[in-house]
Amino acid sequence: MRPIHISLGPNYEKDDAILALKTLLNPFKWFGKSEAGKLESNFEKLFPGYKALAINSGRSAEYLILKALGIGEGDEVLVQDFTCVAVPNAACWLGAKAVSAASGTDYNFDLSDLRKKVNKNTRAIIVQNTFGIPADTRAIAQTVGDKVTVIEDCAHALGIKVSGGIAFFSFGRDKIISSVFGGMILVSDGDLFNRIKVLRDKLLNPSIFWTIQQLLHPVVLSFILPTYTLGLGKLMLVILQKSNILSRAVYPEERSGGHPMVFPTKMPAALAILALNQLKKLERFNKHRKSIAQFYFDNLKLRGVVLPPNNKDAIWLRFPIKVSDGPGLLKYAKQRGIVLGDWYKDSDENTVNLPTYPNMNLEDAQKVVRLVEEWINTQHNE
Ligand SMILES: Cc1ncc(COP(=O)(O)O)c(C=O)c1O
């Protein structure tokens, strides 16, 4: 039985696991030239007016964009406080300072705090469309002024309208589509595109070991998941991650600003093959996420649960709620075999992410709603 788990291969289907296995068994395909190019062409079709460059992750994409803009020592890059460590790190790896600004009720930048954080050293801003909720990029651009380059971080938001000149995406294991690791840069300006392309083309491919590690991920998970709730699958997963046979989404050293040398590298064909297969499912995946989110909107009207704004253009990679005791709810759920999300507990531990992923169904969403209700009741009875 598959557990309700927000981050265990939320997007992989049987064909993805089979494709990963077939690719694993065919090393000649791992570093071929055409697959990443095909993925780029697909993105250019999806986003007319933009040119696309594939790379091995979202953080590598951000790093390369900032580098091509000449950002480094003495420069400041604005990021949200409510974000993943990978986002400020990419700026810091270049010697720049990542300056964080507060988030509003829509989990995106709060304009009044943003205004206070802009100064003469600010060179760029990473606009995160958190959980797939589109940020008001135009208002943000006006707030920071035209000397600051706006970069749209669509790591959570493949499928929203991109309106600025520069954007990047992630195909991480728990993103909108997944090739375990992977990323894409979109640029509308030809000059900037050429500068980024020169940098990207000089990058090396990731190592053979790293590539195998990622290909193994969907294959191994397809074996582990059915026995996960019995404990065996969970144990195997821990052993495989601890022994470094499977990778982690964020490397341990990144938590203290460390820079794993695999960021940036090229997107290997092996992973582009997986991403191309997932891209075919994009519309279905996002439609599904939106319907689960709507279910939460309709059924989670509880005192003590703050719902996000119901933005009709949002994709809902995850569905954030605010409660009085986030760690308490996460623990309560885990004890009952349901793993909810904690993005981003370091800046707000009372935001809990409910799952919307393709591999869950409405019955699972019902279980999640019931669980939150039960937990709220235990809170009121205490
Ligand atoms: C908002 C956001 N931006 C960027 C990234 C970086 O993407 P990647 O994991 O592909 O490097 C992540 C996740 O790690 C993220 O959550």
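1. Ground rules. Residue numbers start from 1 along each chain, following the sequence as written. Because the model is predicted, local features need pLDDT of at least 70 and side-chain atom pairs count only at pLDDT 80 or more, while totals for chains, interfaces and linings use all residues. Helices (H or I, at least four residues) and strands (E, at least two) are DSSP runs, numbered from the N terminus.

2. The ligand. Let's begin with its surroundings. There are 14 residues around the ligand, and Ser57, Gly58, Arg59, Ala155 and Ser170 come nearest. (A residue is near a molecule or strand if its C-beta atom, placed from the backbone, lies within 6 Å of it.) Two helices, α3 (58-68) and α4 (86-92), each give at least two residues to this shell. By type, the shell has eight polar residues, four nonpolar and two charged.

3. In the model, Lys175 sits in the loop between β7 (166-170) and β8 (183-187). Is Lys175 buried or exposed? Lys175 counts as buried because it has 24 C-beta neighbours inside 10 Å. (The cut-offs, with C-beta atoms placed from the backbone: buried means 20 or more other C-beta atoms within 10 Å of a residue's own, exposed means 12 or fewer, and partly exposed lies in between.) Setting aside neighbours within four places in sequence, Lys175 is in contact with Ala155, His156, Ser170 and Leu317. Contact here means that the C-beta atoms of two residues, placed from the backbone, lie within 7 Å. Ala155 and Ser170 also turned up in point 2, among the residues that come nearest to the ligand.

4. A helix pair. Two packed helices are described by the angle between their axes and the distance between the axes. For α11 (residues 282-299) and α13 (residues 362-381), the axes come within 10 Å and cross at roughly 35 degrees. On the α11 side the contact is made by Ile292, Phe295, Tyr296 and Asn299, and on the α13 side by Leu362, Ala365 and Val369. Six of these contact residues are nonpolar, one is polar and none is charged.

5. Ala365. This residue of helix α13 deserves a look of its own. Ala365 counts as buried because 23 C-beta neighbours lie inside 10 Å. Not counting residues up to four places away in sequence, Ala365 touches Ile292, Phe295, Tyr296 and Met360. Ala365 and Asn299 are 66 residues apart in sequence, yet 9.8 Å apart in space, C-alpha to C-alpha.

6. Helix α10. Nine of the eleven residues of α10 (residues 269-279) are buried, so this helix is largely enclosed by the rest of the structure. Among the buried ones are Leu271, Ile273, Leu274 and Gln278. The buried residues of α10 pack against α1 (14-24), α2 (34-46), β2 (51-55), α8 (208-224) and α11.

7. Most residues other than glycine have a negative phi, and most peptide bonds are trans. The bond from Phe263 to Pro264 is cis, with omega near 5 degrees, and Pro264 lies in the loop between α9 (232-242) and α10. Another cis bond runs from Trp343 to Tyr344, with omega near -10 degrees. Tyr107 is not a glycine but has a positive phi of about 70 degrees; Tyr107 lies in the loop between β4 (97-101) and α5 (111-117).

Technical notes. Nonpolar A, V, L, I, M, F, W, Y, C, P; charged D, E, K, R; others polar. Axes fitted to C-alpha atoms, helices over the stretch in contact; angles between N-to-C directions.
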